Amino acid sequence: MSSHDLISLLVIAQLAAPLATLATIGLPALAGRPLGETATTRLVGIGFAAGFLSGVAALVILGGRSFRPEIVHLATWFAVGHHEATINLVADALSVPYVCFSSGLCWLVNAFAGKYLHREPGFTRFFILLALFGAGMNLMVLADSIDVLFAGWECLGISSALLIGFFHERTNAVKAALRAFTTYRICDVGILTASVVVHRAVGSGDFDRLFGVDWPNGTCLVSATTATVVSLLLVFATLGKTAQVPFSGWLPRAMEGPTPSSAIFYGALSIHAGAYVLLRCEALLEQAPLARASLILIGTGTAIHASLVGRVQTDLKSVLAYASMTQASLILVEIGLGWRVIPLVHVIGHAILRSLQILRSPSALHDRYELAAALGGHPGSGNSWPLSMMPKTWQDHLYRVALDRGYEEMAVSRLVVGPIVRLLDRAAAAEKAWITWLSGESAGDRR
Amino acid sequence: MITPLMTPAGNWILYGVAVTVAAPLAAGGLAALGMAGRSLRMLAVAATAVSFVASLMIAVGWQMTNGDPVSFGSVLGEGRLIFIDGLNAVLLPYVGLVALAILLVAPRRSIEPAMVKRMLLGTAATFALFATSHPLALVVLWAVTAQLTWRSTRVTPGGRSAARVFAIYMWLAFACMAVGTAMLVADPPWERSSGLMGTSGGWLVAVAVMLRKGIVPFHSWYPALFSGAPMATALAATMPQVASYTAVRLLVGHADGVATELEVLAQFALITAVYGAALALVQRDLRGFIGALAMSQSALVLAGLSGRLPMELNGAFCVWISSGLAITGIGLVTWALESRAGDISLETLQGRFWDAPALAAFFLLFGMAAIGLPGTLSFVADDLIVSGSLDDQLHAGLMVIAATVLCGIATMRCWFHVFGGPSAVDSPKHGILPRERLTLITLIAVLFVLGIWPGPLVRALEKAAERVLFTPAPQPPAAADPPRAAAPAAPYSSPGLLRLLNVPSATKGILLC
């Protein structure tokens, strides 16, 4: 067996393992015969472990050949005229380490969640969604075409929203889930349009026709205009999942979900999905200074916003959410500056630290008491020096701004969402009045 | 090339069409005579299942013709009484599946002789409509299907006002369709220099399609029907999309560009797709949401049908099937929920998850299948229609994307409002019946199998799309071919209709009668 065949087999295994898990636990649940807790946890764990181990094996083989990329053509999904949707995957210096990292983290969180959610109503639902997330993540990471990437991206969005609303009997959880899904969906316009522009430009969605796959040394194969348009659309698409201003309001509310899913989604993987997509398309960004400038601008603004707002939060999960937002923004700035390896290292380092913090957050008080006992006193946080050097009135003003989350949500709500909803409500009322008139009944008669 | 019926494939298809129409017709007759007794559901399901199998036989028979269309019937010149190509070879089983699913999931109290009779007669008429391309047959079957829908709605408690609204729109649609078709037959544009009457006829047919499809500004009956009619009636009337089929047969098909009527129709359809999706966002009851969603998705089909590219048409055909099956699923889950717990409001969180967790799961899956979950047919359909529209016209593509995005948000809002929120129960109160579970699983399986392995479906529909788009317009007559002496010198703007009406002068009198 050649190294090509071996890598192909391992890449397919990385994708097939979580998908098989999803089918194995999802189908019995749909048929009304869900598996028991132990079987569910083990099966999902086996799926992630298989993905992780095959990733490590592929990494070793790739390392042995200086990370020369390997494209795996699985199938042509469908083709109409010149439009061809292929299922192509890529194993290179970006995708294989990332898939090891994501599968490994999912594996660990699966083990944690098995205990954490013991006897929780919706136990099977959580693991079905976790398996869907794992499959979507691997699909997105291994994608060598924008169609496959979009498929994975959609799986992330749907599983994320459903897990935020996991405790569906809580009104706040439901509202937070809907808010997150709406944000994702609006930003999906970017990736959907980018996909069409790519198809139009090169005749297919394959990345190797767009910029080659020799990461991090890819070469842009399309015109600067196309590269700019696609890059700007991808930047817009990433704003939602990375919770950048003005789309950041969903992230602190997303902590309504179970702690294990918060850790893996908003501390580790989902929040960095946008950064991964931009890293994958770095050769396009190279040719699109406008897109890079917008990344730097938005990233810097969000980092300042999240850093300030995070300081006045009164619950730990919100503090962690804003800390995640700050780091994700800085990673976007790094990508905008044209760096490639540093953002990747930053993503992995931040993801591991933050998911650990979120997983430990339910035990935070206990941790704090232990730390105080070890230090012989309370570990005070104190004011950070740049803020304490400000005049008192400035500090107060800044505090109020931070407490209102930078007025971001108020502005979005009053200037964008409110008018649209009012307009639609009026249209619906006019429709109803017209039907009432047409049917010749009085307004009170209708069912 | 058109395959004649004398071939084995042709015979196979002819028998298939006969059985497809006859089985529900006969069962409807038995139900009307009260001969089914307590086995009413069994009779209806058996008859529809026979029709469904026969429709699959038609699809297999069409495959045996290597993709060539099969036609039969020269009663009215070259108008095809039976005409099977890639499009209806796929759509006939789709119609059968929708009808079968409705009958299987229908709550017990809905299964009464008059309702079943109308349902079966409606199914037979819809099958007949989807097996023909003859204008006169289309006009008659339009009237029959609309009348049955109106009657079912009118006899429903609280449905009189919806029936009245439906009747107003459908009378207008029927009048436009009948007059438009007659004008086209009486004054085929290729025989006179002006062709004013023929052109007007084309526009009237286009207006009829708008009325029957619920395209803005003629859309108001659509949500009203879902609110007032029984769910079975609303789904059976809207999901097959008889107006889209008529548009394909009469308006689409052009060797030298897109019919002007269809281009205008497409612009209205795009507005409807976005407007319907936006309305779905603010609906205050579940049925209103389904009506608005169905209106938006059905308009997407018509928008795609105006395309110049096979990809766009193919996308429209795929949306036709995927959204039809998904919305049928949502409708059936809603019906099952309503039969257990009454009308469902969307104004506040209803908290029905623990009350019916299986129905919540199915609603979610069908909702996801309607909005383009990867792995379902709608993902493929969205990909094709968005790519095709953007390739063709930028604004069309962006409007299709906007409609898709809004439909997604509206569907999730609906799911969270129905199933989310504090619940009064802490354990499942309303289980799901085996026949309901089996039917819903089958629908979901079809959506996923076609989404994961869309090749055969897309290829079949591609052949249909190419044939519809690229079949040459009628050629100038050969000297030795007297019946075709009146063939057009210049292509008419609706050559699809022109092909169908390319009949000898002597036959036109019969058509008009």
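Contact, on this tour, means heavy atoms within 4.5 Å. The model is a predicted one: local features need pLDDT of at least 70, side-chain atom pairs count only at pLDDT 80 or more, and totals for chains, interfaces and linings use all residues. Residues are numbered from 1 along each chain as its sequence is written, chains are lettered from A and ligands numbered from 1 in the order in which they are written, and side-chain values use heavy atoms, with hydrogens and water left out.

**Stop 1: a serine in a helix**

Select Ser294(A), which sits in helix H12 (residues 289–311) of chain A. Helices here are DSSP runs of H or I with at least four residues, strands are runs of E with at least two, and both are numbered from the N terminus. Which residues does Ser294(A) contact, leaving aside its neighbours within four places in sequence? They are Leu232(A) and Val235(A).

**Stop 2: a hairpin**

Next, select residues 70–80 of chain A, strand S1, together with S2(A); the two pair in the antiparallel sense over 9 bridges. Strands pair if DSSP finds at least two bridges between them. Pick out Ile71(A) and look across to S2(A), where Val90(A) stands opposite. The hairpin has 2 residues between the strands, and Gly81(A) takes a positive phi near 55 degrees there.

Stay with S2 of chain A, residues 83–91: this strand is mostly covered, with 7 of its 9 residues buried. Buried means under 20% relative accessible area, exposed means over 50%, and partly exposed lies in between (1.4 Å probe, protein chains only). As background, side chains in a regular strand alternate between the two faces of the sheet.

**Stop 3: where the chains meet**

Zoom out and colour chain A and chain B separately. The contact takes 51 residues from chain A and 64 residues from chain B. Together the two chains bury about 4,900 Å², 70% of it on carbon and sulfur atoms. That buried area is the accessible area (1.4 Å probe) that two parts lose on being put together, summed over both.

How many residue pairs are in polar contact between chain A and chain B? The count is 13, with both residues at pLDDT 80 or more. Which elements of chain A give two or more residues to the side that touches chain B? They are helix H1 (3–30), S1, helix H5 (146–164), helix H6 (171–202) and helix H18 (408–438). H6(A) gives the most, with 13 residues. A polar contact is a pair of N or O atoms within 3.5 Å; within protein, one must be able to donate a hydrogen and the other to accept it, and residues adjacent in sequence count only if both atoms are side-chain atoms.

**Stop 4: salt bridges**

A salt bridge is a side-chain nitrogen of Lys or Arg within 4 Å of a carboxyl oxygen of Asp or Glu. Over all chains, the search finds 15 of them, while across the interface of chain A and chain B there are 0.

Select Glu154(A) and Arg185(A), whose closest N and O atoms are 2.9 Å apart in a salt bridge. This pair links helix H5 and helix H6 of chain A, 31 residues apart. Glu154(A) is buried at 4% relative accessible area, and Arg185(A) is buried at 6%.

Then try Glu286(A) with Arg340(A), a salt bridge at 2.4 Å, N to O. Glu286(A) lies in helix H11 (residues 282–286), and Arg340(A) in the loop between helix H13 (316–336) and helix H14 (341–360) of chain A. Is Glu286(A) buried or partly exposed? At 39% relative accessibility, Glu286(A) is partly exposed, whereas Arg340(A) is buried at 18%.

Over in chain B, select Arg249(B) and Asp85(B), which form a salt bridge at 2.8 Å. Their positions are 164 residues apart: Arg249(B) is in helix H10 (residues 242–250), and Asp85(B) is in the loop between strand S2 (82–84) and helix H3 (86–105) of chain B. Arg249(B) is buried at 6%, as is Asp85(B) at 1%.

**Stop 5: cysteines**

Finish with the cysteines. A disulfide is a pair of cysteine sulfur atoms within 2.5 Å, and the count over all chains is 0. For Cys155(A), the nearest cysteine sulfur is that of Cys106(A), 13 Å away. Cys155(A) is buried, at 8% relative accessible area.
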